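Biologist: I am new to this structure and would like to go through it with you. Could you show it to me, please?

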Amino acid sequence: MSELDRLVNACLMPGFAGDAVPGWVREGLDSGLAGACLYGQNLPADGDPAGVAALAAAVRSARPDALVALDEEGGDVTRLEYRTGSSSPGNLALGVLDDEEATAAVAVSIGTALREAGVTVDLAPSVDVNSDPRNPVIGVRSFGADPALVARHGAAWIRGLQSTRVAATAKHFPGHGATTVDSHLGLPVIDADETTFRARDLPPFVSAIEAGVRLVMTSHVVFSALDPQPATLSRRLLGELLRQELGFGGVVVTDALDMAGVRAAHGIPRAAALSLAAGADLLLVGAEDGEEHCAAVRAAVADHVRDGLLTEARLREAAGRVDALRRELAAAPPPAGAPTGPDVGIRTARAALRSRDLRPLDAPALVVELRAGANMAVGEAKWSIAEPLDEMGRLAELVTVTADGPGADDVLERGTGRPVVVVVRDAYRTPWQEGWLRRAVSRRPDSIVVALGMPDDLALVDGPALVTHGASRACTRAAAEALTGR
């Protein structure tokens, strides 16, 4: 392998298929690959949390200082507890609680679990300001809509996580909260003027850098007032704004290059080369098996160097930053243990609950869970209100409803003489959920509505309601406790 290819490898962090580290990843690590990123698809179907540790150990067996990364935001976005649901509330719940010590404590708990599993880089937290409630991909992943609040809690989360010797990643620079398009599926464009952008989207990243965040993740989002290119490919945003103006000296990692926000226009290999030229250091290839993509990226980068579109000096700079991060994390001592206690997640989830006219169930209930398709960031991470209610003796029957049915009238017939609990997740953004919910509450005004997503759902109907600000296992357990009066 040429020296140029080794330099490119030093900037590559691919995903892979299956629940075992494939041979091509092991060989790539031996040839300088920066590390590997784990996704929900890699985790064992039985939900054994030791699966992450086994994968991390397999990566490190090929290269002891390799980066092992995943998305562990807590709340809805979890990889460590993908099959069971996160034992921590997510960012919106923490923002609603607005207790910076609690936010830091949750991050310490997450970081301790990650480090014990052998994970060295957490692709979290999201410090996006969720300024547009129509946002299809951020939502409860944000601490809120107030830039100052997001900045405070983002910094607290980063400090907490990094105290466990796991590197945090502030994402998605310079902000994904004002978008109405999911960058997994298309290219979002934010038309805000620069003054609005600087006042609304930028403050949390400034605070993250001041808190010492080790990585910043780019967004596949166009800020038209600053550059017609998405941030991942923008020298104006990565070089001038992030590096020079904000003074960030850590690793700039791209959001996954298999996402349509950059892949559709450029393909993964060319997008990788363009992002390096723009100022990125670490290329997150994506959740697909990356063997062919990595080979194609090496070829594309070589072409760009040969054509003068990317200098070898820029490539060496990027590889050097990633190497420095690897060495730092490999040398970091293991955490001494979480001083926050094992129940920090459920305690904070309970404190973040908000209710309206709620009375505890006086008998086992018909529980109706409306399930719309999850976005790609969340994946199919598990959630359920019915399971904890069943453990508490308050589940009579569970009915799962999708866009294909069954209808509200048919389901409510089964609830005659029983309490009814209707569980929704961002129904205000899903027409079939909204219609189903309105019909159900018109038929049974005593139905208890449990909103696991954004609290906007409570404005759709009157009557008893509970909002958790997230669908993690901690949040659904706390909701079940509130429903039973425990």
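**A threonine and its surroundings**

Modeller: The side chains of threonine 232 and threonine 218 are joined by a polar contact of 2.7 Å. A polar contact is a pair of N or O atoms within 3.5 Å; within protein, one must be able to donate a hydrogen and the other to accept it, and residues adjacent in sequence count only if both atoms are side-chain atoms. This is a predicted model, in which local features need pLDDT of at least 70 and side-chain atom pairs count only at pLDDT 80 or more, while totals for chains, interfaces and linings use all residues. Residues are numbered from 1 along each chain as its sequence is written, and side-chain values use heavy atoms, with hydrogens and water left out.

Biologist: Where does threonine 232 lie?

Modeller: Threonine 232 is in the loop between strand 8 (222-223) and helix 9. Helices (H or I, at least four residues) and strands (E, at least two) are DSSP runs, numbered from the N terminus.

Biologist: Is threonine 232 buried or exposed?

Modeller: Threonine 232 is buried, its relative accessible area being 0%. Buried means under 20% relative accessible area, exposed over 50%, and partly exposed in between (1.4 Å probe, protein chains only).

Biologist: Which backbone oxygen does its side chain reach?

Modeller: The side chain of threonine 232 comes to 3.1 Å from the backbone oxygen of serine 219. Leaving aside residues up to four places away in sequence, threonine 232 touches several residues, including His220, Leu238, Leu257 and Val262. Contact means heavy atoms within 4.5 Å.

Biologist: Let us change topic. How many salt bridges does the structure hold?

Modeller: There are 40 salt bridges in the structure. A salt bridge is a side-chain nitrogen of Lys or Arg within 4 Å of a carboxyl oxygen of Asp or Glu.

Biologist: Why can such side chains pair?

Modeller: Side chains of opposite charge can do so when their charged atoms come close.

Biologist: What does glutamate 245 meet in a salt bridge?

Modeller: Glutamate 245 meets arginine 198, with 2.7 Å from N to O. This pair links distant parts of the chain, 47 residues apart: glutamate 245 is in helix 9 (residues 235-245) and arginine 198 in helix 7 (residues 194-200). Glutamate 245 is partly exposed at 44% relative accessible area, and arginine 198 is also partly exposed, at 28%.

Biologist: And what about arginine 439? Which residue is its salt bridge partner?

Modeller: Arginine 439 pairs with aspartate 409, and their closest N and O atoms are 2.9 Å apart. Arginine 439 belongs to helix 16 (residues 431-443) and aspartate 409 to helix 15 (residues 408-413), 30 residues apart. Salt bridges that share partners also join Glu194, Arg198, Arg236, Glu240 and Glu245 into one network.

Biologist: Now helix 5, please. What span does helix 5 reach?

Modeller: Helix 5 (residues 100-116) has 17 residues and reaches 24 Å from its first C-alpha to its last, close to the expected 24 Å. The expected span is 1.5 Å times one less than the number of residues.

Biologist: What do the buried residues of helix 5 pack against?

Modeller: Among the elements they pack against are strand 3 (67-70), helix 4 (91-97) and helix 6 (147-162). The buried residues of helix 5 include Val106, Ile110 and Leu114.

Biologist: What happens at the start of helix 5, and what lies just after helix 5?

Modeller: At the start, a side-chain oxygen of aspartate 99 reaches to within 3.0 Å of the backbone nitrogen of glutamate 101. Just after helix 5, glycine 118 has a positive phi of about 90 degrees.
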